[in-house]
Amino acid sequence: MQGTVDGFSYGLVTPVVAYLMACLGGALGLRCTTRSMLVGDSWRPGWLALGSAAIGSGIWTMHFIAMMGFKVKQAPIHYDKAITFASLGVAIVMVGIGIFIVGYKGSRGTALMTGGAITGLGIATMHYLGMAGMRFNGKLEYNTATVAGSVVIAVAAATAALWAAGQVRGFRWSVGASLIMGLAVTGMHYTGMAALRVHLHGTASPSSGDSPASLLAPMMIGPLAFLLLAGVVVLFDPLMVMGKPAWTPAEHKPGVPARELVSHATSRRPALRTRRHAEHSSHTPQNH
């Protein structure tokens with residue numbers, strides 16, 4: 001028996017809130033990744049780890065906020081907590097691998113393609129592992145072509161976001177990149193949901209049970225609190241918000257765009273010439 005699926009039981013509320021959470025996680029993660037490219041080597045892993053956790057938590061929270069609006073009318077839904085939290089771990093780890101590759105190897109060429117592919121596959125894996133944590137009197141089936149399309153969207157979105165983290169400077173451009181990333185990630189989610197078909201075991205009549213919102217809301221307290229904390233870190237770091245470089249020289253950091261290196265080098269040349277001129281004058285004998 002095929003189940004009747006309603007993915008928008010709360011109307012546009014869950015898609016809109018899910019999109020905003022994806023944008024928030026993307027914005028925090030991109031700013032942290034950008035910041036990591038402008039600081040010393042000792043600080044870089046910390047910023048990259050914070051960015052990975054922010055993006056992973058934002059995507060995971062987006063997914064399960066969207067799932068609050070998902071119902072199968074003939075069967076109540078429950079969620080396996082172990083698998084649900086495992087999907088959060090997978091998202092953070094795989095997104096982290098992609099971000100660390102770009103953070104240390106640069107946001108171009110092979111490094112960008114590799115980092116984007118791993119990050120995108122992490123997003124897709126999180127989605128389908130989270131779906132595997134659903135428990136109800138039936139099974140899920142997917143259309144293979146639509147699933148493949150959702151994975152392509154995830155990889156393309158992740159690659160574009162990582163490129164933006166290495167190339168885009170300034171608060172407004174970063175916000176724009178985050179809005180695009182949120183749209184792509186949310187689009188990937190609903191594309192994956194469009195591939196779904198539910199088949200129920202038997203012909204049981206509709207039964208009552210806990211709503212998805214009451215089941216999922218307690219599990220999202222931790223990731224939401226973390227995103228709030230990450231937002232505070234971003235808010236109180238003016239160098240990150242404005243996209244300005246730190247005092248530590250960045251010439252040997254592959255992730256920093258060439259135009260940043262040129263600006264640093266240009267600003268130091270007048271001082272270097274003045275210093276050399278003074279040293280030359282002090283060593284030159286005076287003729288009377």
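This is a short tour of the structure, one selection at a time.

**Stop 1: the whole chain**

Start with everything shown. You are looking at a predicted model, and the protein has 288 residues, of which 46% count as buried. Colour by secondary structure and you can look for 10 helices and 6 strands. If you list the contacts with a separation of 6 or more, 87% of them join residues 24 or more positions apart.

**Stop 2: colour by confidence**

The mean for the protein is 78, and 75% of the residues reach 70 or more. Which helix has the highest mean pLDDT, and which element has the lowest? Select residues 109-132 to see helix α4, the highest at 92, then residues 258-283 for helix α10, the lowest at 48. Next select residues 246-253, where pLDDT is below 50; this stretch has 19 contacts in the model beyond near neighbours in sequence. Residues 256-269 also stay under 50, and the model gives them 18 contacts beyond four places in sequence.

**Stop 3: the nonpolar core**

Hide the surface and go inside. The largest nonpolar core has 61 residues. To find the residues with the most contacts inside this core, select Met67, Phe70, Tyr79 and Met134. Several elements supply at least two residues each, including α1 (13-36), α3 (81-105), α5 (144-167), α6 (171-194), β6 (196-200) and α8 (221-235).

Beyond its neighbours within four places in sequence, Met134 is in contact with Met67, Phe70, Ile77, His78, Tyr79 and Leu140.

**Stop 4: a histidine inside**

Select His63, which lies in helix α2. Is His63 buried or exposed? Its relative accessibility is 0%, so His63 counts as buried. Show what surrounds this side chain: setting aside residues up to four places away in sequence, His63 touches Met126, His127, Gly130, Met131 and His189.

**Stop 5: two salt bridges**

The structure holds 2 salt bridges. For one of them, select Arg135 and Asp80, whose closest N and O atoms are 3.8 Å apart. Why does this pair tie together separate parts of the chain? Arg135 lies in strand β4 (residues 134-135) and Asp80 in the loop between β3 (78-79) and α3, so the bridge links parts that are 55 residues apart in sequence. Arg135 is partly exposed at 37% relative accessibility, and Asp80 is partly exposed at 24%.

For the other bridge, select Glu141 and Lys139, with closest N and O atoms 3.5 Å apart. Glu141 has a relative accessible area of 32%, so it counts as partly exposed. Lys139, at 43%, is partly exposed too.

**Stop 6: a nonpolar patch outside**

Finish on the surface by selecting Tyr10, Val13 and Val17. Together they form a nonpolar patch with about 250 Å² of accessible area. Where does Tyr10 sit? Tyr10 is in the loop between β1 (5-6) and α1, and its relative accessibility of 39% makes it partly exposed.

Conventions. Residues are numbered from 1 along each chain as its sequence is written. This is a predicted model: local features need pLDDT of at least 70, side-chain atom pairs count only at pLDDT 80 or more; totals for chains, interfaces and linings use all residues. Side-chain values use heavy atoms; hydrogens and water are left out. pLDDT is the predictor's confidence in each residue, from 0 to 100. Helices (H or I, at least four residues) and strands (E, at least two) are DSSP runs, numbered from the N terminus. Contact means heavy atoms within 4.5 Å. A nonpolar core is a set of buried Ala, Val, Leu, Ile, Met, Phe, Trp, Tyr and Cys residues joined through side-chain atoms within 4.5 Å. Buried means under 20% relative accessible area, exposed over 50%, partly exposed in between (1.4 Å probe, protein chains only). Patches are made of residues with over 30% relative accessible area and no salt bridge: like charges are joined within 9 Å, nonpolar side chains (Val, Leu, Ile, Met, Phe, Trp, Tyr) within 5 Å. Accessible areas come from the Shrake-Rupley method with a 1.4 Å probe; for residues, only the protein chains shown count as cover. A salt bridge is a side-chain nitrogen of Lys or Arg within 4 Å of a carboxyl oxygen of Asp or Glu.
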